[in-house]
Amino acid sequence: MSKIKVLIVDDEKLIRKGLKIILSSYDDLEIIGDVADGYEALEFCKSNYVDVVLMDIRMKLCDGVLGTRLIKEFNPSISVLILTTFNDDKYIKDAMNFGASGYLLKDSSDEILYEGIRSSFTGNITLDKNIISKVISHNNSNSSIDVKTEYMLSDKEINIIKLISKGLSNKEISSELFLSEGTIKNNITNILNKLNLRDRTQIAIFAFKNNIAE
């Protein structure tokens, strides 16, 4: 069985050590390294095959925001999962804009960390719903009807956006809406074009900002 290759990035050695011990207990994860900041993470990714970077957001020399940007510019196929606290609102928004596949709280359970890594690896979005209202502003009063009209979205596209914001994969959305995966992929491409967005993460953020998410 091919294992998911994970790089841990945190400027506190004890935290890196603890995460390594926890995550190494899962048979399908391989912790291939641990480094202290975003610059070191980039250099590691340049010389090693990495699937998922588990990245602290607050680090002195090169924080998780810049680290995410550098890694995604080097290799967009590497998933970056951010570890954060309740007080990192702006950091999280910036990291997501640079291509992070999601964020989890630092005090998340072992199982949530594990599932978050697996979800990021498969291309899904990992958003901790306990703090999502702090991260994405709800001051926008647009209703889904207004958004549908403004961006010329079909009912089917609105439903797909809702399901993406819940973290569902294409296969799961296909099952939910009784449509083929190919149809779902085509619709997601149309949604990205209509909204002028880059990826599923940005679709999820769009959904929360515009009160489409359930």
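In the predicted model, Tyr-103 has Leu-127 of strand S6 as its bridge partner. Strand S5, which spans residues 102–105, is joined to S6 by 2 bridges, and these two strands run parallel. Strands of a sheet pair through backbone hydrogen bonds, in either a parallel or an antiparallel manner. The sheet as a whole is open and is formed by 6 strands with parallel pairing, arranged in the order S2-S1-S3-S4-S5-S6. Its edges are strand S2 (29–35) and strand S6 (126–127), each of which pairs on one side only.

Helices pack on this sheet. Helix H3, residues 64–74, touches strand S3 (52–56) and strand S4 (79–84), and the direction of H3 makes about 160 degrees with that of S3. Helix H5, residues 110–121, also packs on the sheet; H5 touches strand S1 (4–9) as well as S2, S3, S4, S5 and S6. The direction of H5 makes about 150 degrees with that of S4.

A further contact is formed between two helices. Two packed helices are described by the angle between their axes and by the distance between the axes. The axes of helix H8 (residues 155–165) and helix H9 (residues 170–177) come within 10 Å and cross at roughly 130 degrees. An angle over 145 degrees would count as roughly antiparallel and one of 65 to 115 as roughly perpendicular; H8 and H9 are therefore oblique to each other. Their crossing is right-handed. On the H8 side, Asn-159, Ile-160, Leu-163 and Ile-164 take part in the contact, and they meet Ile-173, Glu-176 and Leu-177 of H9. The residues of this contact comprise 5 nonpolar, 1 polar and 1 charged.

Terms used. Residues numbered from 1 in each chain as written. Predicted model: local features only at pLDDT ≥ 70, side-chain atom pairs only at ≥ 80, totals over all residues. Heavy atoms only, no water. Pairing = 2+ DSSP bridges. Helix = DSSP H or I, 4+ residues; strand = E, 2+ residues; numbered from the N terminus. Contact = heavy atoms within 4.5 Å. Axes fitted to C-alpha atoms, helices over the stretch in contact; angles between N-to-C directions. Parallel < 35°, antiparallel > 145°, perpendicular 65-115°, else oblique. Left-handed = near helix turned anticlockwise from the far one by under 90°. Nonpolar A, V, L, I, M, F, W, Y, C, P; charged D, E, K, R; others polar.
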